[in-house]
Amino acid sequence: MIYSTEIKAMCPVAQGANHGPAPIPEEGNWVQAREITDISGLTHGVGWCAPQQGACKLTLNIKSGIIEEALIETIGCSGMTHSAAMAAEILPGKTILEALNTDLVCDAINVAMRELFLQIVYGRSQSAFSEGGLAVGSALEDLGKNLRSQVGTMYSSKAKGPRYLELTEGYVTRLGLNEDDEIIGYEFLNLGKLASAIRRGEDPKAALEAATGCYGQYADAVKYLDPRAE
């Protein structure tokens with residue numbers, strides 16, 4: 001250690017207060033985090049790229065400083081989906097400090113990692129008060145039974161009004177309108193259910209019918225339209 005002349009000339013004064021860092025909640029315990037290995041928790045965060053054309057939702061489950069599982073969901077940019085594939089190869093097994101300083105290929109994913117790091121080291125994780133934390137595999141619960149991202153896509157113009165394209169229930173196939181041409185319901189196709197049924201060997205037509213449903217007052221509509229073509 002190199003000290004300046006000014007420091008060398010000073011007399012020492014004892015530091016009386018030395019109580020360590022403030023405890024943060026982690027998996028049902030209060031922890032004074034001094035090392036990366038002191039950090040545990042599952043949490044989510046969102047990041048965006050510099051031109052703000054796309055975003056990433058990142059979910060990490062961290063145990064003793066190590067990323068045990070990662071869920072990377074992206075929207076708005078085709079290249080970002082491939083970056084997510086690379087990030088899935090990169091993240092598990094790294095410490096959160098390593099991950100923070102690793103190029104995760106895409107700006108949005110890097111920003112999401114930064115936001116998660118801030119949450120987790122300040123004790124703001126989703127599992128802060130969950131005793132023992134959450135099991136590895138819990139991140140998949142974000143996707144539901146069909147293991148598919150929850151996507152909401154709507155389009156609207158002043159000239160022609162709104163079009164529902166995709167909601168939590170699935171891919172919207174038809175909109176139901178009332179006598180005033182207002183949307184009162186919609187028909188949807190659950191793509192996760194459809195893909196799973198076909199993969200199991202079910203007849204595609206029967207699988208399509210089973211994966212189709214409706215929401216709202218769809219049955220009472222006086223007019224139906226394809227939101228992508230009409």
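Student: Which residues is Pro162 in contact with, leaving aside its neighbours within four places in sequence?

Tutor: Pro162 is in contact with Tyr155, Ser156, Leu175 and Ile183, where contact means heavy atoms within 4.5 Å. This is a predicted model, in which local features need pLDDT of at least 70 and side-chain atom pairs count only at pLDDT 80 or more, while totals for chains, interfaces and linings use all residues. Residues are numbered from 1 along each chain as its sequence is written, and side-chain values use heavy atoms, with hydrogens and water left out.

Student: Why does Pro162 count as partly exposed?

Tutor: Its relative accessibility is 42%. Buried means under 20% relative accessible area and exposed over 50%, with partly exposed in between (1.4 Å probe, protein chains only). The value for Pro162 therefore puts it in the partly exposed class. Pro162 is found in strand β7, and its C-alpha atom is separated by 8.6 Å from that of Ile183, 21 residues apart along the chain.

Student: What makes a run of residues a helix or a strand?

Tutor: Both are DSSP runs numbered from the N terminus: a helix is H or I with at least four residues, and a strand is E with at least two. The chain has six helices and eleven strands.

Student: Why is the chain called more spread out than a compact globule?

Tutor: Its radius of gyration is 25 Å, well over the 17 Å that the globule rule gives for 230 residues, so the chain is more spread out than such a globule. The radius is taken over C-alpha atoms, and the rule is 2.2 Å times the number of residues to the power 0.38. Those C-alpha atoms fill a box of roughly 90 × 45 × 30 Å along the principal axes. Of the 230 residues, 35% count as buried.

Student: How do you know that the span of helix α4 agrees with its number of residues?

Tutor: The expected span is 1.5 Å times one less than the number of residues. For the 15 residues of α4 (residues 107–121) that gives 21 Å, and the end C-alpha atoms are 21 Å apart, so the two agree. Its buried residues are Ala108, Ile109, Val111, Ala112, Met113, Leu116, Phe117 and Ile120. What covers them includes β3 (41–48), β4 (55–63), β5 (66–75) and α2 (78–90).

Student: Are Glu27 and Gln52 buried or exposed, and how do you know?

Tutor: Glu27 has 10% relative accessibility and therefore counts as buried, whereas Gln52 has 61% and therefore counts as exposed. Glu27 lies in the loop between β1 and β2, Gln52 in the loop between β3 and β4. Phi is near 50° in Glu27 and near 55° in Gln52. Most residues other than glycine have a negative phi.

Student: What makes a region a pocket?

Tutor: On a 1 Å grid over the protein atoms alone, a pocket is an open set of points where a 1.4 Å probe fits, with protein on both sides within 12 Å along at least five of seven lines; lining residues have an atom within 4 Å of a point. The largest pocket has a volume of about 200 Å³, a volume being the space filled by probe spheres set on points joined across faces, edges and corners. Its lining includes Val46, Lys57, Glu73 and Asp142. The elements that give two or more residues to that lining are β4 and β5.
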